[in-house]
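Open the model in your viewer and keep the selection panel at hand. The stops below say what to pick next and what is there.

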2 protein chains.
Amino acid sequence: MTALEQRIKEDGRILPGNILKVDSFLNHQIDVTLMDEMASAFQKYFINKTITKVLTIEASGIAMACSVARLLNVPLVFAKKSNSTNLSEDIWCASAHSYTRGCNNTIMVAKRYLQAEDQVLIIDDFLAHGEAAQALVSLVKQAAATVVGVGIAIEKGFQDGGRKLREEGIDVYSLAIIEKMNEEGIVFKHR
Amino acid sequence: MTALEQRIKEDGRILPGNILKVDSFLNHQIDVTLMDEMASAFQKYFINKTITKVLTIEASGIAMACSVARLLNVPLVFAKKSNSTNLSEDIWCASAHSYTRGCNNTIMVAKRYLQAEDQVLIIDDFLAHGEAAQALVSLVKQAAATVVGVGIAIEKGFQDGGRKLREEGIDVYSLAIIEKMNEEGIVFKHR
């Protein structure tokens with residue numbers, strides 16, 4: 001998606017450890033207009049699929065997932081990362097390692113919001129090692145629901161999360177795939 | 001706001017400890033259409049104010065704050081709860097006790113996204129003791145920016161967070177104010 005690639009080139013900052021900071025528009029400060037444009041791209045790609053629910057994970061996936069849910073006119077569910085006393089005990093759980101934070105997260109969804117008849121589109125801001133996406137897929141499978149696809153804003157194509165998901169037969173659509181990045185800049189992969 | 005009160009009565013569940021669960025439409029599964037209706041109510045109330053930024057706190061405020069930012073056509077910033085290695089060191093910090101989770105949270109915003117000229121509308125899903133809202137107000141004040149107002153979905157009017165903010169001269173607008181709640185039901189306060 002050209003608008004996203006352009007924005008990454010203009011406003012993204014590359015930090016040591018293959019970290020791409022896009023917190024000026026994607027995951028700290030949020031450009032809602034860009035979120036809506038990205039949501040339109042997902043809608044277009046998954047246009048022939050039946051989708052009953054959008055699933056993401058707190059916190060940085062929520063904004064984009066909201067825009068997608070609005071376009072598709074379905075509810076959004078976001079998986080929670082820690083055991084709030086407000087969450088029902090009746091939950092699906094999965095574990096995901098966060099390379100960014102250097103810790104393991106348990107993520108969870110109340111069973112009542114993910115059911116066998118659901119056709120789920122998973123949305124997240126980043127795909128790198130794929131830990132978060134795999135954990136979301138696990139929640140959907142535990143519920144005996146169907147993963148329609150995975151929609152990602154920025155995939156780090158030089159890490160293996162996307163490859164593994166696609167090898168499992170999951171339809172992964174990433175709006176921008178980074179082939180390589182270093183101090184000199186970013187190279188995007190195009191289909 | 002009648003639609004919200006109606007929804008709380010229909011789908012809200014009251015748990016011991018004055019906990020109102022509204023996770024079927026507000027803070028776990030999200031009804032994006034309702035978020036948009038709530039955002040319209042905020043826009044109407046703050047129509048005569050200049051607003052340059054919407055500020056909320058992860059995670060459950062993000063969905064509603066997104067809808068507000070879209071209507072106002074300004075960026076959304078969400079404060080983060082823990083020190084991610086992805087966050088700049090150049091941050092404003094404040095502390096907030098979470099009665100729900102029984103712990104203290106440090107919340108933070110990168111200084112670059114909250115500046116002295118900003119006119120900030122703070123948005124959050126719940127107002128009870130007011131810890132989160134006070135911490136957000138503190139971030140804005142540290143930046144020498146202006147708090148235009150605080151927009152809340154559900155205020156627990158029997159707790160003192162709203163009173164304290166209003167006594168500080170802050171314009172707090174809550175879409176539903178709960179006067180009392182118990183096993184028999186919920187009574188809303190109307191202006």
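Start with A:Asp36 and B:Arg70. Their side chains meet in a salt bridge, 2.5 Å from N to O. The term covers a side-chain nitrogen of Lys or Arg within 4 Å of a carboxyl oxygen of Asp or Glu. Side chains of opposite charge can pair when their charged atoms come close.

Some ground rules before moving on. This is a predicted model: local features need pLDDT of at least 70, side-chain atom pairs count only at pLDDT 80 or more, and totals for chains, interfaces and linings use all residues. Residues are numbered from 1 along each chain as its sequence is written, chains are lettered from A and ligands numbered from 1 in the order in which they are written, and side-chain values use heavy atoms, with hydrogens and water left out.

**Stop 1: the interface**

How many salt bridges run between chain B and chain A? The count is 2. Polar contacts link 18 residue pairs between chain B and chain A, both residues at pLDDT 80 or more. Such a contact is a pair of N or O atoms within 3.5 Å; within protein, one must be able to donate a hydrogen and the other to accept it, and residues adjacent in sequence count only if both atoms are side-chain atoms.

Now select the side of chain B that touches chain A. Six elements of chain B each supply at least two residues to it: strand S2 (19-21), strand S3 (29-30), helix H2 (32-45), helix H3 (62-72), strand S5 (76-79) and strand S7 (103-110). Helices (H or I, at least four residues) and strands (E, at least two) are DSSP runs, numbered from the N terminus. H3(B) gives the most, with 6 residues. Colour this side by class: 17 residues are nonpolar, 14 polar and 10 charged. Ala, Val, Leu, Ile, Met, Phe, Trp, Tyr, Cys and Pro count as nonpolar, Asp, Glu, Lys and Arg as charged, and the others, Gly among them, as polar.

The contact (heavy atoms within 4.5 Å) takes 41 residues from chain B and 41 residues from chain A. The buried area is about 3600 Å², of which carbon and sulfur atoms give 50%. That is the accessible area (1.4 Å probe) that two parts lose on being put together, summed over both. The copies meet through the same surface, because 100% of the interface residues of chain B are also interface residues in chain A.

**Stop 2: the axis**

Superpose chain B on chain A. A rotation of 180° with 0.0 Å of shift along its axis does it, with RMSD 0.0 Å. The two copies are thus related as by a two-fold rotation axis. In chain B, B:Ala59 has the C-alpha nearest the axis, 2.6 Å from it.

**Stop 3: sheets across the chains**

Show the strands as cartoon. One open sheet of 7 strands runs S11(A)-S10(A)-S9(A)-S8(A)-S4(A)-S5(A)-S3(B), with mixed pairing. Strand S11 (185-189) of chain A and S3 of chain B stand at the edges, each with a single partner strand, so one side of each lacks a neighbour in the sheet. Two strands pair if DSSP finds at least two bridges between them.

Zoom in where the chains join. Strand S5 (residues 76-79) of chain A pairs with S3(B) in the antiparallel sense over 2 bridges. Here A:Leu76 stands opposite B:Ile30. Then go to S11(A): strand S10 (residues 172-182) of chain A pairs with it, antiparallel, over 5 bridges.

The other open sheet to trace also has 7 strands, in the order S3(A)-S5(B)-S4(B)-S8(B)-S9(B)-S10(B)-S11(B). Its edge strands are S3 (29-30) of chain A and S11 (185-189) of chain B. Inside it, select S8 (residues 119-127) and S9 (residues 146-156) of chain B: they pair in the parallel sense over 8 bridges.

**Stop 4**

Most residues other than glycine have a negative phi, and most peptide bonds are trans. Select A:Glu58 and A:Ala59: the peptide bond between them is cis, with omega near 0°. A:Ala59 lies in the loop between strand S4 (53-57) and helix H3 (62-72) of chain A. In chain B, a cis peptide bond joins B:Glu58 and B:Ala59, with omega about -5°. Finish at A:Asn18, which has a positive phi of about 55° although it is not a glycine.

Technical notes: Least-squares fit on C-alpha atoms with pLDDT ≥ 70 in both.
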